Amino acid sequence: MKKNNIILIGFMGCGKSTVGKKLAGSLHYEFMDTDTVIEETYGKKISRIFEEDGEEAFRKAETRLLERLEKEADGVVIATGGGMPMREENVRYLHKIGTVIFLKAKIETLLERLQNDTERPLAAGEDREQRLRTLYEKRLPIYEKAAEVCLDTDGKSFYGIIEEIERYTGKGKN
């Protein structure tokens with residue numbers, strides 16, 4: 001039986017954390033950002049985890065967190081890291097944990113939102129725009145396949161997005 005959680009997936013900058021916090025408040029759910037939990041576990045920022053321990057260590061930490069959430073999470077809105085659905089085993093966990101919703105935005109929207117972001121290791125450095133475009137193209141079909149619903153977020157307010165999620169899940173004000 002599917003658990004009573006809502007999981008938000010999507011590319012960096014798509015609004016998972018912001019929408020997730022507002023959605024959790026609307027539903028009286030807890031909110032969890034998986035990147036924040038991993039940072040707290042490691043005692044350092046994700047950029048330092050990538051730098052000092054490597055991306056693979058970070059990806060393994062994501063899977064361990066999902067294993068825990070499968071057992072413990074109930075009534076939680078979960079904002080995932082952008083790369084979490086790239087592993088098939090993670091997608092299987094996500095579906096066991098709750099309803100998986102892809103917050104989709106055009107690459108131009110995401111590039112604009114990420115232009116001043118210095119915290120995300122995969123968005124840093126030279127040729128940033130081309131690397132983000134390439135990563136987006138690689139991840140887009142995986143997000144679409146992993147999600148139970150794809151929500152186009154371009155041009156919508158946070159509250160409009162939240163209303164759509166509540167309508168889809170049957171959990172909002174009717």
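Helices (H or I, at least four residues) and strands (E, at least two) are DSSP runs, numbered from the N terminus. The structure is a predicted model, in which local features need pLDDT of at least 70 and side-chain atom pairs count only at pLDDT 80 or more, while totals for chains, interfaces and linings use all residues. Residues are numbered from 1 along each chain as its sequence is written, and side-chain values use heavy atoms, with hydrogens and water left out.

Leaving aside neighbours within four places in sequence, T169 is in contact with I6, T99 and I101, where contact means heavy atoms within 4.5 Å.

Helix 6 (residues 107-114) comes next, with I107, L110, L111 and L114 as its buried residues. These residues lie on the same side of helix 6 because they cover an arc of only 100° around the axis, the arc being that of the directions from the helix axis to the C-beta atoms. An α-helix has 3.6 residues a turn, so residues three or four places apart point the same way. The partner of the buried residues of helix 6 is helix 7 (128-146), against which they pack.

Rings of Phe, Tyr and Trp (its six-membered ring) pair if their centres lie within 6.5 Å; planes under 30 degrees apart count as stacked, over 60 as edge-to-face and the rest as tilted. By this rule there are three aromatic pairs. One of them joins F11 and Y136 in an edge-to-face arrangement, at 5.5 Å centre to centre and with 85° between the planes. This pair links distant parts of the chain, 125 residues apart: F11 is in the loop between strand 1 (6-9) and helix 1 (16-27), and Y136 is in helix 7. F11 is buried, with a relative accessible area of 1%, and Y136 is buried as well, at 7%.

The rings of F102 and Y143 also pair, with centres 5.1 Å apart and planes at 40°, so this pair is tilted. Because F102 lies in strand 4 (residues 99-104) and Y143 in helix 7, the pair ties together parts that are 41 residues apart in sequence.

Notes:
Buried < 20%, exposed > 50% of the residue type's maximum accessible area, 1.4 Å probe, protein only.
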